[in-house]
Amino acid sequence: MVDLQKVFYSGLALLAIALHGWGLASAGPAGLAFGGCATLVLGGALMCLWERSVVRSAFSLMATFTGCAGFFILLGADFVGMAQILIYVGGILALLLFGVMLSPPDMAERKLARVGGGLLVMGLGVAWVSAKVAASVKWAQLPADELPAPSTKAEDIGIAFIAPDQYVVPFELAAVLLTVALVAAVYIARRRISDFTAEPDQGGR
Amino acid sequence: MDIYLDGMKAIAPELVLTALALVTLVADLLMRGRNSRFIGYITLAGLAVVGMMLAMRVGAEPQTVFGMVEVDSFGTFFKLFTVASVAVVTVFVLSDRSERKDGIGEYYFLLLGAAIGIFFMVSTNHLLLLMLGLELLSLASYSLAGFHKGERKSAEAAMKYVVFGGLSAGVMLYGISLLYGLTGTLELDVMATQAGNAMPFGLVPQLDHNVIPVAIAMVMVLAGFAYKMSVVPFHFWTPDVYEGAPTPVTTFLAVASKAAGVAALLRFLGALFMTEGVQPVVEWYGDRIGMLLAILAAVTMTLGNLSALRQSSLKRMLAYSSIAHAGYILIGVATLEPDGFSAAMYYMAAYYFMNLGAFGVLLYFESAVGSDRIEDLKGFGWKAPLISITMVAFLVSLTGLPPTVGFYGKYLLFKAGIDHGLSWLVFVAAINSVVSLFYYFSVAKALFLSEPAQRPALSQPLFAALLTGLGLLTIWFGLMPGSIEEFVQRCLLL
Amino acid sequence: MEFLHFDPATDFKLLLAVPLIPLTGYLIQIFFGRKLPRKGDWLLTTGMFVTMMITLLLFAKALYHAYTGHGDDGHATPFWHHSSEAGMTWSWLFQDSEAPNSPLNLTVGILYDGLGASMLAVVGVVSFFVHLFSMGYMKGDHRYHIFFANISLFTVAMLGLVLSDNILFLFVFWEVMGLMSYLLIGHFSHDPKSHRITQAAAACKKAFLTTRIGDCCLFIGFMMFYLHYQTFSFDGLWQATTQDVMVNGWQSWQTTAGLFLFGGTVGKSAQFPLHIWLPDAMEGPTPVSAMIHAATMVAAGVFLLGRLYPVLSPDVLTVITGVGALTAIFAATIGMTVFDIKGVLAYSTISQLGFMVAGIGTGGLGLIAGLFHMVTHAFFKACLFLSAGSVIHGCHHEQDMRKMGGLRKKMPVTFMCMLVCTLAISGIPLFSGFYSKDKIVQSTIMTNELGGTWASSFAGIALPLAASITAFYMFRLIFMTFFGQPRDKHVNDHAHESPLPMTIALTCLAILGMFAGQFWLSNLDIMGSHPTWFETLLGVSHDYTNLSGLYPGVELQNTYVGLDAAKVEAVSHHAHSSAVVLSLSVASLGIILAMLMYLFKRLDPAKFTETFAPIYRTVLNKYYIDEFANKTVIRGSMVLSAVLKWFDGFIVDGIVLSVGRINKALGFFAAWFDKTFIDGLVNLVGAVSNGLGAALRLLQTGRIQQYVSFAVGGGLLTAAWLILS
Amino acid sequence: MENILSLITFIPLVGMMVIICLPKQAIGLIKGVSLVATGIPLVLATQLYFAYDPAHGADGSYWAEEQFAWIKMINANYHVGVDGISLPLVWLTSLLLFLGVPASFGIKKSQKAYYALLLLLEVGIFGVFISLDYFLFYVFWEIMLLPMYFLIGIWGGPRREYAAIKFFLYTLAGSVLMLIAIIALRLDSGTFSIPLLVEMASNGTLTGASLPGGGELLGMSFSTWAFWFLFVGFAIKIPVFPFHTWLPDAHVQAPTPISVILAGILLKLGGYGLMRACFPILPGAFVENAYFLGILGAFSIVYGSFVALGQTDFKRMVAYSSVSHMGYVLLGTGALTVWGTDGAAMQMFAHGTSSAAMFMVVGVIYDRAHHRDLNGFGGLSQPMPVYWGLTTFCFFAALGLPTMSGFIAEALTLVGAFQSSDTRFQALVLFSVIGIVITAAFLLWAIQRVFLGPLNEKYKDYPDMNFREIFCMAPLLFLCLLLGVFPHLILDKMEPSITHLVNLLQSAAN
Amino acid sequence: MALGAYVAVSAALFALGLVTIAARRNILYVLFGIEMILNAANINFVAFNRFNGDGMDGRMFAIFVIILAAAEAAVALAIVLNVYHLFGSTKPSDADLLRE
């Protein structure tokens, strides 16, 4: 019996090398950064899928989030990248970990057949579609020489949030959304004795 | 600053609604749950104000404020019905004896929050705002579905809803990102018409060269709408969530939330494929999408009806029936023509009346009989004749028989379908209405065709009056459908 | 004699009154009969008497015209009147249609001619006497008033039938008569005291159904004629047909339609093979038997042939002859074996009807003779039945001849009447039957000599033979009933003569049975070589090629076509003498045989039956025709109906039951196949949709991750469709 | 009386409202109101009948027309009127519903609801007969179903729930197809008006050309599928083999007065619908398929009678006799002759009276014996002579005895079919004649089994029919006789309209 | 680095998200998967925004998506906690009272 764990991590290493190589080959040294971020993103996701322990999965997800942040910075969206690190890594992940702490460890939960099968099907599907699409697709993109330099100023974003013809409504709506989410989460997560004793469970209504 | 003021004037109903939501929350905090009915009355009053503000706006010149909010009659139409249905749901909550007293502020707050989401969702051509509105609605709905947090069914419903909803939102988001990548814009009208320069911007050049990516993105976006409308194959959550959620919430989900999905879909398709001066290739692609929707419609209505046939729970049966009705509505949508859209909107209006009514009667039965099983209703019609007769009116309307509003709605849908080459779909729908008769009338059968039941009826005058009113409207608008249809026609000017 | 001239203006009103009087009587009787004194019998009998007098008056006018009436040119003008002369016609179906004379409409009038006059008189007379007789015979019956009402309405129908000027109206009355026969035959079926309660119930149904088969044929027949000639009226049909035939010759459709028309006669006049109802109809009260199954209703079929003769093609006539002759001989043989006194008379009726039909089939003289036989037969057969009724009445409803005997002394009047009529039916000179039956035989001989068909040859042998057998069994009846020693003492002791109304009726009818054939007293024409009154009335004396008295203005295309009138007359003279000899010899042969067997007991009938046992048994069982019909037609219908019922319940109604079964067999859905969904579209919807529903249930597992997978799968399918299409 | 048709139609509705407002216990009052609310339409309809000038129908126009806009958006109007085809049926409706009220006095369960529904049913039926606007027609057509469902379902026999839903499902299945066809016609022509549609059809402008793809559906041309959709919708109501299986169940389970109305009127809606709203609107397709319709009709005649012969349930037998009798309607109209169509129209009326009376006959005995097994009776003529007499009368009316209206109808139909220019109809007539004989057979056999023969001791003390029962049945039987003797009373009224109809159809045939 | 590379990574991440949702038996993994999908969308938004030179729509969208994800995670987690309390499990398959 081969140690699956070792096989997986070897594969992961191979993937990292491949991604770095790809970055290097297509964009030179700058590509290495891309390769690293891509490794984080995909490697983290794969590990998250792979690991038996929820805690390990949650932590590997941190790699994905961080890799995304790296992508954002590579793409010149520094603010988004920072927000990603702050909110995702700092907030959402903490929240998820909080949930993880509450649930009991269940090491038998992972079914290799399902994971492997899912990966296979999805991998093949994505590969096929990408092959079909990549050959012909033309994204809405300007030629490299016409591209404006990305604005990296946080001020622009701040202005966009409140400019009357830009994002003021979504901004405010996001506030409402957060309030709703907060109220909802608090209401549902809040425990009172009465919640569980006043009415015996008699089926839904 | 004028520009802000004008904009805020234009979105005053939304602002009032937001304020109302906060007021309910604060009021509940202040009263510490002592006088929960009072908050309901506040809500009703606030909704009345919002409703009046909206009503005054009907027929006004459409305008775009804050860059992305379309204040037009189309949105007003759905907003009005949303307000109305939230108001009816509020009455349901007030009359629901099983409703707990504490947390009632949150209840109304979430309901109103969902309504705010709907308000923005139905009045924008910008995919960001659409997405935000949809998510606001979703988040509020998730928590409302699980509002009876001590009940397993309610909790399970919320979990299923959040999983399914989260995934659908994610997929839709991904689809939007692809669309953005393909067309370079997030605004639908720009997407549809921008063309001409050598660069692949807008939908037209992409349709010329890259049909497959567009198709993938399109299906992903449509999946989001389909999930909201519970169209096959994104309907799986519907019966479980409807059954598990508190009945007033189910009502809200079945009526307002679904209508919001329809509205967003109509706007999405309308902006993409039906605006002035679209290129032939876009129109051609619209036909493909129409065909896709037609097939989904056929599958949806058939599946909904067949599944409903065997339900023993009235609530679950109504859930499946709402899936079937999504299929009917899609007939009008699939035509991708103004009259098809107006038929869909009319049907939506009809759907408001009859489903609000049917769920209201369900709520009444639940509190009177203590169960939502159809067989437990046996002979109850003789005990509570008024409510039961009203229920028959709703059932007749749901089946689509005259003289009810449901019939006229179906008539318009069929007409639009036949007029735009979807006769086969109309045929399928017709057969489906026959099938639906069977399960709808199993309720009527239980109510009246059995010996009188032993249980006494409940007397709830306000509630009964509301339901009877809805029943009368169902019949009245079936006999005199002109007024709603005119209203729909006026509101359809996108 | 001025009052004997036919005056259309008044006489048509009188004719109209003829059916209306009994109809009024019927209406009064049905509603108030129970409350009237004597349950209203006197009312109807009086009404019937008035009717009879009117018919007799009108008959006298017809006869007067026949004997004296001549046109300006000295030739006899036929006695033929249509009520349109007096402006008396009625639009029936439509009254303010745009075109009242369009073929769409039906104009109804009265046709009164020689044939109608004699038949009307027969009906009037017989009907009155039957009423009279019933006053005694039916006394004490618990539905006495209903009986009188029914028999009265029956008379209305028969009178109406005779007076109709078109086939559709004739058909209407024809059917009403069927109804009345149904009610009258079934009269005892609700008499709790009657032992015939069950048989009567079956018999009335059988009578109606059997004749209705004939009725449907008749309907189809005249419909075919209507289709071609757009008319229902008799004279219209005659003219149209003969003119058509003159131009185009006889066409096959006319033969087909003619056969259908004859089907009506076969049903109503009890011809083979639809005769089966008539013997069973004897379950009715005896006056009814006399009235319906002897004198009038069964004669309607013959009357119909008389009315429609010009439209029948020669081929049809051949068939008619054949069927008639077959019926005559065949019923006669059965008559020999029957012991029920009414049964004998019933088979003799069938046999005599066969004579009439066969006679008409031979055409010309035969037509006249057949119709004439219809008239004479009406009287003597009514008398025979009434006498039999009197016997039965006297013997307290005993009908088996083997239990009678020696009644001559107890019931002298009845005996005399019955004897007279028996002589008449046996064809003994001086008695009416001789003059008519003789002519039928004469006609067959004549036809054979003029170039006959297989049918006329057959008739030439069968009819005399049947006549002989008739004489035999009729005298067998007389001898067994009235002569010899009483076989059943109990019956004999209680036998008594019938009350006065009955004997009056009997006597009068017997007198008619004697003289209705020929007024031989006036000219001593015992052998009937002169034209009878009937021939004179119809305007036919010796020239049988010209039937213009019966069908004015019509050149018959099916009778003696292309033959010289003189030759026909010569042949007829020749045939007459042969016929007389033949008739007389066969009749005497039959009578002598009967005397030897039953009066002097020189020959033992039992020996014959032993010798010819198989034949005897066959004949005794009426050739097993009832059994055959039962096994084939009736059983067949019942089986078919059972099959169709099954088909309806299980195939049509349950097309999807089978779907359900298959599905069940597949084990795809087992539990949900509940009782509610047994058949029909409900099944279809139920089974199919339940199947699908069950399949769909498999999807709705309650597990959210599976939902998600399904949704993703569905989404992929959707995308695939959009991409690939 | 400007609005006489509306009055006739909606007075029962007023009656229904009044009944709803009455207290449940005021049974006498409820019955009284029902009698009045059905009686007034009867009086008005009688007046209308005699006032009607048949010449009016000769050019296809209508009498007592009322028209005003209803739903302007889709150009649906409240347009009502009668002609020679519908007027007799309107009158028959008013009569049968009026008789239905006293016939219902025996019902003791939830009487208030019963009479309210009965009146609602009357509204629906009247509405169908007088509508000249297809949308209105459809609305009334469906309105009728609902009270019928409850009347069968609540007051019916043991299997009433099944029978009620089966009735409803069948009819709805037909009417949704009809709805599709109506919509397609509306889209093609732009109008719901039946007279306008007929006119367009006769001009040949109703071809589906303005529909997408020429209106083809499932490979059938527009006129073909529209015709079949409409036809199936109506044929289910008639009912024609093989759509008839709802009928025995509905009839058997329904209470007597409802069976009477079902057989007397509801079946006529099918035939009427064909004549008013199917054949003349799609004459081309009709002419193409006329022979097939004739086959269906003839087959129904024979099939229905044979199946009836095999029944042991009295009511089922009568129900199947309806299948048989209504076959004439199809046979007669299919023949495309004036007489045939006259006969068909007359048959609807004649069957309306005779079958209604037959169901009353069954009801009388069922009220006493509480079973309907034909083999379980016997000799009932002794305790119940009046009943026996009326039954015999009624059965002979049903089997088409001359002097009864059924005979006129059947004779006209058969002669008309025989005259058809399509000579294949002659064979059909010959085939149908089997049905006549078998009809006589099963009716007489029923009489024999129920009334004749030895008396079953159990039934010795049955009371004869009471006044109420006679009152309900006598007018129907009187009508059978009256129209059998004086058929012009009804034929005169119908004939011009029918001639017009036949001319329309015939011109399509050429 | 070319746009295609980013889109490829995003597509792969999206697919991994779907697999995670479908393949693992713990409700938390469903939430993980959803987060992956959202991140995949975000990569797309930012990348497309970088290469189409069209203002800052994509980036703004990404920010809102992050907010959205946070809100959703909060609500979802609350619901999951509730389910855990009532069913004693975080396996969605254990909560199947509502079915058929």
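Me: In which hand does H3(C) pass H19(C)?

Reply: A crossing is left-handed if the near helix is turned anticlockwise from the far one by less than a right angle, and right-handed if clockwise. Here H3(C) passes H19(C) in a left-handed crossing. Bear in mind that this is a predicted model, where local features need pLDDT of at least 70, side-chain atom pairs count only at pLDDT 80 or more, and totals for chains, interfaces and linings use all residues. Residues are numbered from 1 along each chain as its sequence is written, with chains lettered from A and ligands numbered from 1 in the order in which they are written.

Me: At what angle do helix H3 and helix H19 of chain C pack?

Reply: Axes are lines fitted to C-alpha atoms, for helices over the stretch in contact, with angles from 0 to 180 degrees between N-to-C directions. Helix H3 (residues 114-137) and helix H19 (residues 500-515) of chain C pack at about 155°, their axes 7 Å apart. H3(C) and H19(C) are therefore roughly antiparallel (over 145 degrees).

Me: Which residues of H3(C) and H19(C) make the contact?

Reply: Contact means C-beta atoms, placed from the backbone, within 7 Å. Among them are C:Phe129 and C:Phe133 of H3(C), plus C:Ile504 and C:Leu512 of H19(C).

Me: And how many residues of chain C are in contact with chain E?

Reply: 10 residues of chain C are in contact with nine of chain E. Helix H28 (residues 704-724) gives the most to chain C's side, with five residues. Helices here are DSSP runs (H or I, at least four residues), numbered from the N terminus.

Key: Two residues are in contact if their C-beta atoms, placed from the backbone, lie within 7 Å. Helices (H or I, at least four residues) and strands (E, at least two) are DSSP runs, numbered from the N terminus. Angles under 35 degrees count as roughly parallel, over 145 as roughly antiparallel, 65 to 115 as roughly perpendicular and the rest as oblique.
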